[in-house]
Amino acid sequence: MATQRRVARCCENRAPVELRKWVLDGEILDPGRGFEPRSLRVEVREDPLTGHTARVLPAAGLLPPQEDDLDALAEQTRASCPFCPDRVEQVTPKLPALLAPEGRIRRGEALLFPNLLPYAQYSSVSVYSPERHVLRLRDLTPRLVADNLAAQVAWARACVAADPDAAWVSINANHMLPSGSSVFHPHLQGAVGPVPTTMQRLLVQVPPHRFADYLEREQAEGVRYLGGRERVLWLASFAPLGPCELRAFVPGVVSPTGLDEDGVDELGTGIATAAGLYAELGYESFNLAIYGAPPGTDGYPLNLRMVCRSSLKPYYRSDATWLERLHWEAAVDTAPEELARAAGDRFSAAK
């Protein structure tokens, strides 16, 4: 099915989706130009789904590329890593038999077990592979990602089947230490429970038609829309939550528990493609969230966000400032349109 036929058409009586932005101009007396006047510009953009705003700054190199070799840090952390093959079976917990008779869930190289530090009523960790203590973004293959996602989907289904009230499911990643990970070894984290996160609550309050209208608007404009294969649609976020944000939508699927094998494979391919793009841009750390809603939520498409994080180096600059943490508003100096140009057609062409 052609991509342009997969997005529902807006009804004529709906207010069209607006991609609202405000261009704010200021002026300084620039010491680099003998204190001559110089204009400064910042854009404030509003997300058409949640209404949050973001600020797009002039290019300033706020997120420099990764330069240090990761091998030295990998060796420093390997000896005590709980996820490596010589200790993962002994030091990680097991799931109750009701959720997994063998105590852990395996898909391909991926291995899933409970999280010792719970972020939800049911909380999991799944490593891409115990053997892969170092996993650069260029090496994050579609198969590795899909198998890890499949382990998370199987676990989430078991949780919801055992406890139907725990209907809010998300799959998440802190890849590398700058993203918030406390363990060097790459992994995903799952969360299942009866209470949504703030972003899940905001997204599920979006009128169902709004998602389709937003995708149609982005597809028609063609600037940030990146396409997809059959099930998953990708775009550069108009109002990012963080640097180089990519978004994906899976129409017709409400929760990760509703993903079939083909859906998992296509989502895995897209995430691996995004990781490869980040690697080409010079980055090695990212956050990911796949936001599920309770089964039966009408018109809600499973959706995903990915953002780059600061490079891992001594005295690195955090990309989370007062704007991000206390105002809930990102300030990025890579315009979404520049990110879309860098992405090209790789999401549509990914096989």
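Modeller: What follows is a short exchange about the pockets of this predicted model and the confidence attached to it.

Biologist: How do you know which residues line the largest pocket, and which are closest to its centre?

Modeller: A lining residue must have an atom within 4 Å of a grid point, and 45 residues line the largest pocket, those closest to its centre being M199, L241, N287, A289 and Y291. The space in this pocket comes to about 1,600 Å³.

Biologist: Which elements give two or more residues to that lining, and which gives the most?

Modeller: The elements include β7 (168-175), β8 (187-193), α4 (198-204) and β12 (286-291), along with β13 (302-308) and α7 (322-326); β7 gives the most, with 6 residues.

Biologist: What is the volume of the second largest pocket, and how does its lining divide by class?

Modeller: The second largest pocket has a volume of about 290 Å³. Among its 19 lining residues, F83, N115, V125, S182 and V183 are the closest to the centre, and β5 (110-114) and β8 each give two or more residues. The lining divides into 11 nonpolar, 8 polar and no charged residues.

Biologist: What pLDDT does the protein chain average, and where is it below 50?

Modeller: The chain averages a pLDDT of 92, with 95% of the residues scoring at least 70, whereas over residues 1-12 the pLDDT is below 50.

How values were computed:
Residues are numbered from 1 along each chain as its sequence is written. This is a predicted model: local features need pLDDT of at least 70, side-chain atom pairs count only at pLDDT 80 or more; totals for chains, interfaces and linings use all residues. Side-chain values use heavy atoms; hydrogens and water are left out. On a 1 Å grid over the protein atoms alone, a cavity is a set of points where a 1.4 Å probe fits but cannot get out, and a pocket is an open set with protein on both sides within 12 Å along at least five of seven lines; lining residues have an atom within 4 Å of a point. Grid points are joined across faces, edges and corners, and a volume is the space filled by probe spheres set on the points. Helices (H or I, at least four residues) and strands (E, at least two) are DSSP runs, numbered from the N terminus. Ala, Val, Leu, Ile, Met, Phe, Trp, Tyr, Cys and Pro count as nonpolar, Asp, Glu, Lys and Arg as charged, and the others, Gly among them, as polar. pLDDT is the predictor's confidence in each residue, from 0 to 100. Contact means heavy atoms within 4.5 Å.
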